[in-house]
Amino acid sequence: MASGTALIYDDEMTSYKLLWDDPECDIEVPERLLSSYEQLKHYHLVERCIHVPVREGTEEEIMLVHSSEYLEVVKSTQTMNEEELQRVSENYDAVYFHPNTYRCAKLAVGATLQLVDSVMSGKVRNGMALVRPPGHHSQRNAANGFCVFNNVAIAAQYAKRRYGLQRILIVDWDVHHGQGIQYVFEEDPSVLYYSWHRYEHQQFWPLLRESDYDAVGQGKGKGFNLNVPWNKVGMGNSDYLAAFFHVLLPVAFEFVPELILVSSGYDSGIGDPEGQMNATPECFAHLTHFLMQLANGRLCAVLEGGYHLKSLSESVCMTVKTLLRDPLPQISGEMAPCLSAIESIQNVRGAHKPYWKCLMYEGNCSSDAERNNFFCAVLGFILPVAYSYQPDLVIIVIGPNRSLGVNGISLLTCLLQGLAESQILVVIQVRSEIKLVQSVAKALSGVSTPDFGAYAPASQENVLEIKRLRDQLQQEWKMLRCSAHNHLQSKM
């Protein structure tokens with residue numbers, strides 16, 4: 001398995017800025033990149049990463065998502081004066097152009113594709129691209145929300161074409177809905193798109209009906225668009241973790257992605273003026289850790305939003321530390337998702353119940369107990385309780401009559417390493433299990449990510465037992481509350 005983490009950055013992407021007064025756009029500044037990179041240097045993370053040079057994205061690559069007509073409009077801004085730039089910018093929603101925007105946007109695309117190439121070729125295990133302008137709002141024929149070219153959407157199309165990938169997971173944890181990505185892939189079952197975003201019952205930008213939980217995709221893509229709308233501000237660590245445990249991770253493990261692309265927007269973090277949320281930088285370390293257990297660890301994080309420079313730079317550093325497999329920090333705050341978050345999560349589960357076996361109560365019984373019951377027990381019960389408890393040490397005891405196979409034990413070991421600052425002890429009470437010992441050792445050292453294989457639905461007996469335990473314990477362990485399967489219709 002590949003080792004090492006790529007970091008892609010070029011300060012040329014800081015060479016454009018807003019030239020006129022526009023209160024809507026004045027938060028998108030070059031210092032977003034500069035402060036993030038300086039903080040990475042402060043923590044000595046830059047020197048630990050593998051440097052990958054930046055190149056420009058080609059016109060052919062950009063047109064994997066965008067029209068030639070739109071490409072020509074952006075290209076024409078290179079020679080415009082300030083008045084002309086302002087006039088073009090007014091044709092779009094929350095966008096500004098500068099004579100250097102086209103060059104920077106091509107570098108942002110090229111940096112993202114360089115990261116994909118580095119990961120897919122095995123030169124590195126994972127990596128992060130610090131790019132600007134961001135991309136997830138931009139559409140086939142339009143710039144939108146500070147975004148010019150859709151870096152992550154282009155990367156997904158590029159990876160499918162160049163490497164023949166059939167299943168790509170895009171996780172968008174920016175506080176705004178990445179409608180541009182949704183539009184590109186809403187009929188495409190080869191790309192699973194997950195976005196949580198401030199929505200407030202369609203009262204928050206981009207003010208779209210299709211940002212709600214019941215926008216599940218179109219045609220063959222039904223079930224492959226997961227929107228978790230936040231209908232109030234102040235969402236914190238427990239709300240974000242609950243959405244992962246009860247929506248994203250079950251579906252993602254069933255999807256079995258070959259590559260993960262993260263639209264890493266940190267305006268969903270504490271202090272940001274856009275998001276007004278309360279997730280701490282440590283939360284992004286844990287989110288990254290969970291995603292690293294998928295796709296054999298092939299993960300590409302690409303910067304999107306983030307407008308509070310301190311929160312942004314600390315969150316970027318937490319993400320990179322986790323990609324480097326540093327011990328995870330303790331996550332702060334009471335582990336109790338709010339009622340509004342529970343409502344949104346249950347609504348998403350209800351909307352996607354027809355499309356994913358992991359969200360159904362009724363399962364087809366099978367003799368393969370490991371694959372049937374593992375995710376139901378671990379994601380639906382063990383992880384929520386463990387994160388609610390916040391232990392100082394994790395001990396896994398493996399006895400001779402274990403019900404889990406080698407890969408299941410190894411994956412459980414990996415998932416639980418997010419707790420107790422990664423202080424974990426595995427006690428194996430079985431003789432002559434060399435394969436098990438080797439697999440667990442690799443999981444503990446981060447040498448490899450266990451391949452759990454194809455998903456199968458849990459047995460009905462197991463599902464009912466987990467439900468009984470959840471009902472019995474959810475008053476004490478509040479992270480269990482989100483896993484109810486009823487579809488709430490009321491608005492809180």
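Me: Where is Gly 236 found?
Reply: This is a predicted model, in which local features need pLDDT of at least 70 and side-chain atom pairs count only at pLDDT 80 or more, while totals for chains, interfaces and linings use all residues. Residues are numbered from 1 along each chain as its sequence is written, and side-chain values use heavy atoms, leaving out hydrogens and water. Helices (H or I, at least four residues) and strands (E, at least two) are DSSP runs, numbered from the N terminus. With those labels, Gly 236 sits in the loop between β6 (225–230) and α8 (237–255).

Me: Is Gly 236 buried or exposed?
Reply: Buried means under 20% relative accessible area, exposed means over 50%, and partly exposed is in between (1.4 Å probe, protein chains only). Gly 236 has a relative accessible area of 10%, so it counts as buried.

Me: Which residues is Gly 236 in contact with, leaving aside its neighbours within four places in sequence?
Reply: Contact here means heavy atoms within 4.5 Å. With those sequence neighbours left out, the partners of Gly 236 are Asn 278 and Ala 279.

Me: What does the radius of gyration come to for the whole protein?
Reply: The radius of gyration is taken over C-alpha atoms, and the globule rule is 2.2 Å times the number of residues to the power 0.38. With 492 residues, a compact globule would come out near 23 Å, which agrees with the protein's 22 Å.

Me: How many helices and strands are there, and what share of the residues is buried?
Reply: The protein has 15 helices and 10 strands. Of its 492 residues, the share counted as buried is 62%.

Me: Which elements do the buried residues of α1 pack against?
Reply: The expected span of a helix is 1.5 Å times one less than its number of residues. For the 12 residues of α1 (residues 31–42) that gives 16 Å, and the end C-alpha atoms are 16 Å apart, which agrees. Its buried residues include Leu 33, Tyr 37 and Leu 40. What they pack against is β1 (5–8), β8 (299–303) and α10 (309–323).

Me: How many aromatic pairs turn up in the whole structure?
Reply: Rings of Phe, Tyr and Trp (its six-membered ring) pair if their centres lie within 6.5 Å; planes under 30 degrees apart count as stacked, over 60 as edge-to-face and the rest as tilted. A search of the whole structure gives a total of 25.

Me: What is the angle between the planes of Trp 173 and Phe 284?
Reply: Trp 173 and Phe 284 form a tilted aromatic pair, 5.6 Å centre to centre. Trp 173 is in the loop between β4 (168–172) and α7 (179–185) and Phe 284 is in helix α9 (residues 281–291), so to speak distant parts of the chain, 111 residues apart. Both are buried. The angle between their planes is 55 degrees.

Me: Which tyrosine forms an edge-to-face pair with Phe 284?
Reply: This pair is 5.0 Å centre to centre, with 80 degrees between the planes. The partner lies in the loop between β7 (259–264) and α9, 18 residues apart from Phe 284. Both residues are buried. The partner is Tyr 266.

Me: Which residue has its charged end over the ring of Tyr 43?
Reply: A charge sits over a ring if NZ of Lys or CZ of Arg is within 6 Å of the ring centre and within 35 degrees of the ring normal. At Tyr 43, the charged end is 4.4 Å from the ring centre and belongs to Lys 321.
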